Amino acid sequence: MSISPKGTNIPGSYRKCEDTECTRLVPCPHVRCQEHRTDMAVKDWIVQHKES
């Protein structure tokens, strides 16, 4: 698993959830895990994550 450098969006890599208290890793292009996402327009969309 590769970690995307801050400020980048590399498909196939992961980055830390933007919530300051969260330690989950989410796949690019997502920026927040399922629990902390703010774009609730698509109800059946699920963000898979890994615990870091």
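Student: What makes strand β1 and strand β2 a pair?

Tutor: Two strands pair if DSSP finds at least two bridges between them. Strand β1 (residues 14-16) and strand β2 (residues 24-27) are antiparallel and joined by 3 bridges, so they pair. K16 has L25 in β2 as its bridge partner. This is a predicted model, in which local features need pLDDT of at least 70, side-chain atom pairs count only at pLDDT 80 or more, and totals for chains, interfaces and linings use all residues. Residues are numbered from 1 along each chain as its sequence is written, and side-chain values use heavy atoms, with hydrogens and water left out.

Student: How many bridges hold β2 and strand β3 (residues 50-51) in their pairing?

Tutor: There are 2 bridges, in the antiparallel sense. R24 stands opposite E51 in β3.

Student: What pattern does the protein chain follow along the sequence?

Tutor: The pattern is β-β-β, with 0 helices and 3 strands in total. Helices (H or I, at least four residues) and strands (E, at least two) are DSSP runs, numbered from the N terminus.

Student: Why is C17 called buried?

Tutor: Buried means under 20% relative accessible area (exposed is over 50%, partly exposed in between, with a 1.4 Å probe and protein chains only). C17 has 2%, so it is buried. C33, at 0%, is buried too. Of the 52 residues of the protein chain, 27% count as buried.

Student: With which residues is D19 in contact, leaving aside its neighbours within four places in sequence?

Tutor: D19, in the loop between β1 and β2, is in contact (heavy atoms within 4.5 Å) with R32 and H36. The C-alpha atoms of D19 and R32 are 6.9 Å apart, although 13 residues separate the two along the chain.

Student: Which classes make up the lining of the largest pocket?

Tutor: The lining has 4 nonpolar, 3 polar and 4 charged residues. Ala, Val, Leu, Ile, Met, Phe, Trp, Tyr, Cys and Pro count as nonpolar, Asp, Glu, Lys and Arg as charged, and the others, Gly among them, as polar. The lining residues include I3, P5, C17 and V31, as well as K6, R15, K16 and E18.

Conventions
On a 1 Å grid over the protein atoms alone, a cavity is a set of points where a 1.4 Å probe fits but cannot get out, and a pocket is an open set with protein on both sides within 12 Å along at least five of seven lines; lining residues have an atom within 4 Å of a point.
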